Amino acid sequence: MITVVGTGTGAALPDGVAAGAELVVGGRRHLDSVRLPEGAERIVLGPLAPALDTIEEYVAKDRPVVVLASGDPGFFGIVRALAERFGAGRLDVRPGVSSVAAAFARIGLPWDDAVVVSAHGRELRTAVNVCRARPKVAVLTGPGAGPAELGAALLHRERVLVVASALGDPERERVERVTPAEAAARDWGTAVSVVLCLDETRALGAVRTVAGPPAAPPGWALDEAGFAHRDSMITKFEVRALALARLGPRLGDLVWDVGAGSGSVAVECARLGAAVVAVEKTADGVERIRANAGAHGVDVHVVHGTAPDVLAGLDDPDAVFVGGGGRELPAIVTACARRARRAVVVAMAALDRVPAAREALTGAGFDCDGVLLQSSRLAPLPGDVTRLAATNPVFLLWGTRPQACREGDAQ
């Protein structure tokens, strides 16, 4: 067996934790804090592969191994690598208190409804987008992805950051509440364990029976009656259904809704978990989008400005929906296609604009496809009979970035 001992958020391990082991693997501070059996070999964890190779040599000879790990080793920890290499049946895991559990405990908040995301050795953008979309997020930090970088990315969001450093160390532990701007302006060093990103108006949450982030509300491609709009200027639900399928919004994504109008597409993407920026040029449209987002309980960041110029100041999106643009449509689609990591979807009522939009997508290296959507809805007639009422036809084009390019971007 490989005994995996989680140290929790304490600074030291109890005596006898490595008793009987012939190989003890762990961080230097953990190895220095335990009494090793006489003759036992020790390996200070650095690169994981050499340590796993040595563990394999001992396991092959049925020689006992102890691995010491920070926090809870099954929570973004070494248990995954050990189980993949040696099988879960060989592991005797003794969990400790994770840094996330400790951080929420320090501020007296439940965390059964929190989203936990790791930025340690991973892209920060995913963590940032989750923080934009959800009211209660714990971010495991790493070099180049700490409180300062997270704060800089959240400057225009109404969030509070709780920075929990050196949890469990009686001399060095610090738990501080700061604004994103305050976080961005400081040098936090290397001792940070976890950052909690909170929308304090919604941080307490409701009583839960299932742990984890709230699931998307039931239904999608919602009826137009669920949104405030002006003179039926709204993406119809039939069009919205296919647009959402091609956009593929999900937790960790950033989606732009350009020419958002009522914000119906933006709101639906946010309901499915994505962080969303809605771009709208009219002042009344901006207020309408905010009202619709509030009515559906989602966080949509609204930018008042005219595309394509206003897009330059936004973070690169995973997917973009373009629902307006007029004569500027080709320039808008081109600007969006240059920035989008995965997909661009364009809705148009005018036949004349389809070739230019398609050329803009293919010119940016996207694979392009599309349909003409023309639906007829049931409508009542006098005498308790029903007719079909035709809706206006809409062209929907979508461009998808080739898979090889997306994988290259991710690396």
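# Reading salt bridges, a sheet and a helix

Biologist: Asp318 and Arg341 – buried or exposed?

Modeller: Asp318 is buried and Arg341 is too, where "buried" means under 20% relative accessible area, "exposed" over 50% and "partly exposed" in between (1.4 Å probe, protein chains only). Keep in mind that this is a predicted model, so local features need pLDDT of at least 70 and side-chain atom pairs count only at pLDDT 80 or more, while totals for chains, interfaces and linings use all residues. Residues are numbered from 1 along each chain as its sequence is written, and side-chain values use heavy atoms, with hydrogens and water left out.

Biologist: What do the side chains of Asp318 and Arg341 form?

Modeller: General idea: side chains of opposite charge can pair when their charged atoms come close. The cut-off here is a side-chain nitrogen of Lys or Arg within 4 Å of a carboxyl oxygen of Asp or Glu. Asp318 and Arg341 meet in such a salt bridge, at 3.5 Å from N to O. Asp318 sits in the loop between strand 13 (300-304) and strand 14 (319-322), and Arg341 in the loop between helix 11 (329-339) and strand 15 (343-348), so the pair ties together parts 23 residues apart in sequence. Helices (H or I, at least four residues) and strands (E, at least two) are DSSP runs, numbered from the N terminus.

Biologist: How many salt bridges does that rule give?

Modeller: The count is 27. Take Arg240 and Glu268, whose closest N and O atoms are 2.7 Å apart. This pair links distant parts of the chain, with Arg240 in helix 8 (residues 237-247) and Glu268 in helix 9 (residues 264-271), 28 residues apart. Arg240 has 0% relative accessibility and so counts as buried; Glu268, at 1%, is buried as well. Then there's Arg172 with Asp169, at 3.3 Å between the closest N and O atoms. Arg172 is partly exposed at 48%, whereas Asp169 is buried at 18%.

Biologist: Now the open sheet: what is its strand order?

Modeller: Two strands pair if DSSP finds at least two bridges between them. This open sheet has five strands in the order 3-2-4-1-5, with parallel pairing. For a close-up, strand 1 (residues 2-6) and strand 4 (residues 65-69) share five bridges, and Val4 has Val67 as its bridge partner in strand 4.

Biologist: Which strands does helix 2 lie across?

Modeller: Contact means heavy atoms within 4.5 Å. Angles run from 0 to 180 degrees between N-to-C directions, using lines fitted to C-alpha atoms, for helices over the stretch in contact. Helix 2 (residues 48-60) lies across strand 1, strand 2 (23-26), strand 3 and strand 4, at about 155° to strand 2. Helix 3 (residues 79-86) lies across strands 1, 4 and 5, at about 170° to strand 5.

Biologist: And helix 10: which of its residues are buried?

Modeller: An α-helix has 3.6 residues a turn, so residues three or four places apart point the same way. In helix 10, the buried ones are Gly285, Val286, Arg288, Ile289, Asn292 and Ala293. They cover an arc of only 165° around the axis, which puts them on the same side of helix 10; the arc uses directions from the helix axis to the C-beta atoms. What covers them includes helix 9, strand 12 (275-280) and strand 13. The face turned away carries the exposed Gly294 and Ala295.
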